[in-house]
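Hello,

Here is the structure I promised to pass on to you. Please open it next to this email and follow along as you read.

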Amino acid sequence: YDRFRKFRAPPHHAQHIRRILLLSDLHTDYPANQDWLYNICTTSNGDDDDDDGDASLLDSQTMILIAGDVSHDLDILRWTF
């Protein structure tokens, strides 16, 4: 493991991240998958810390990691992100 020592770096701590959402194979070419993604982006997360109660599941304290297929259509890919 010593040969990799020069590539090691101290861990980065993102203090503001409260949740990590891992997604794979969104396939937003399909309307049902677009609807699902839209719903998780606009649905209340139920946190009692929010004054208005309307905070999205995907807020500024959520890190999103996407792996796998999203779309083969550039316009749909733009919509997704």
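Asp25 counts as partly exposed because its relative accessibility is 37%; the labels run as buried for under 20% relative accessible area, exposed for over 50%, and partly exposed in between, using a 1.4 Å probe and protein chains only. Please keep in mind that this is a predicted model, where local features need pLDDT of at least 70, side-chain atom pairs count only at pLDDT 80 or more, and totals for chains, interfaces and linings use all residues. Residues are numbered from 1 along each chain as its sequence is written, and side-chain values use heavy atoms, with hydrogens and water left out.

Back to Asp25, which sits in the loop between β1 and α1 (31–42). Helices (H or I, at least four residues) and strands (E, at least two) are DSSP runs, numbered from the N terminus. Although Asp25 is not a glycine, it has a positive phi of about 50°. His27 is found in the loop between β1 and α1 too, and this non-glycine residue has a positive phi of about 45°. With 29% relative accessibility, His27 is partly exposed.

Next, have a look at the surface. Which residues form a nonpolar patch there? They are Ile20, Leu22, Met63 and Leu65, and together they have about 390 Å² of accessible area. Such areas come from the Shrake-Rupley method with a 1.4 Å probe, and for residues only the protein chains shown count as cover. Patches are made of residues with over 30% relative accessible area and no salt bridge; like charges are joined within 9 Å, and nonpolar side chains (Val, Leu, Ile, Met, Phe, Trp, Tyr) within 5 Å. Strands β1 (19–24) and β2 (62–67) each supply at least two residues of the patch. Ile20, found in β1, counts as exposed because its relative accessibility is 54%.

Now for charges. Side chains of opposite charge can pair when their charged atoms come close. A salt bridge is a side-chain nitrogen of Lys or Arg within 4 Å of a carboxyl oxygen of Asp or Glu, and the count here comes to 1. Asp75 and Arg78 make a salt bridge at 3.4 Å, N to O. They are 3 residues apart in helix α2 (residues 74–80), so about one helical turn separates them.

Finally, find Ser60 in the loop between α1 and β2. Ser60 is exposed, with a relative accessible area of 62%.

Best wishes, and happy exploring!
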